[in-house]
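User: Hi! I'm new to this one, so please walk me through it piece by piece.

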Amino acid sequence: MRIIGKGFSAGKKLFSMLNIPYPSKCTYKQHEIKLLHAASQAANNSMLESAKSIAECSNECGVSVDGTWQKRGYSSLNGCVSTISVDSGKILDIEVLSQYCRVCTKIEKHRDSPKNA
């Protein structure tokens, strides 16, 4: 479901319309985590292989670095930067950036609560 940009609720509606049983939210989340780890591992292996093949050919390699944000302007919280080999066109590295941290926000809320004041 994440491939088409939808989550648990949309999948549940779709499967109920098709009269197909749907997993619980806990099971759905577990499968989602497994897929995340598998996709991350495959991406890391692919980038490592690309870097090794370029290093074997020569010591110098031209790269193109490009970045994008989730929204236009300076109001976006999420972005991504990628490095691509000019010679082979293979992706060498990807970095996801975020200006939001859930842990930091939780600490700030805890610090500002009336109990701690």
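**A first walk through the model**

User: Let's start with N19. Buried or exposed?
Analyst: N19 is exposed, with a relative accessible area of 70%. (Buried is under 20%, exposed over 50%, and partly exposed in between, using a 1.4 Å probe and protein chains only.) Keep in mind that this is a predicted model, where local features need pLDDT of at least 70, side-chain atom pairs count only at pLDDT 80 or more, and totals for chains, interfaces and linings use all residues. Residues are numbered from 1 along each chain as its sequence is written, and side-chain values use heavy atoms, leaving out hydrogens and water.

User: Where in the chain is N19?
Analyst: N19 is in the loop between α1 (8-17) and α2. Helices (H or I, at least four residues) and strands (E, at least two) are DSSP runs, numbered from the N terminus.

User: What is its phi?
Analyst: The phi of N19 is positive, about 60°, although N19 is not a glycine.

User: And Y22, where is that?
Analyst: Y22 is also placed in the loop between α1 and α2. Y22 is partly exposed, at a relative accessible area of 21%.

User: How far apart are Y22 and G11?
Analyst: In sequence, 11 residues separate Y22 and G11, while their C-alpha atoms are 7.9 Å apart in space.

User: Switching to strands. What is the strand order in the sheet?
Analyst: The order is β1-β2-β3 in an open sheet of 3 strands, paired antiparallel. Two strands pair if DSSP finds at least two bridges between them.

User: Which strands are at the edges?
Analyst: β1 (63-69) and β3 (91-98) are the edge strands, and each of them pairs on one side only. Neighbouring strands of this sheet are turned against each other by 15° on average, with direction ignored. Axes here are lines fitted to C-alpha atoms, for helices over the stretch in contact, and angles run from 0 to 180 degrees between N-to-C directions.

User: How many bridges join β1 to β2?
Analyst: There are 7 bridges between β1 and β2, which run antiparallel.

User: Last one: what does S50 touch?
Analyst: S50 lies in helix α2. S50 touches K90, I91 and L92, not counting residues up to four places away in sequence; contact means heavy atoms within 4.5 Å.

User: And is S50 buried or exposed?
Analyst: S50 is buried, with a relative accessible area of 5%.
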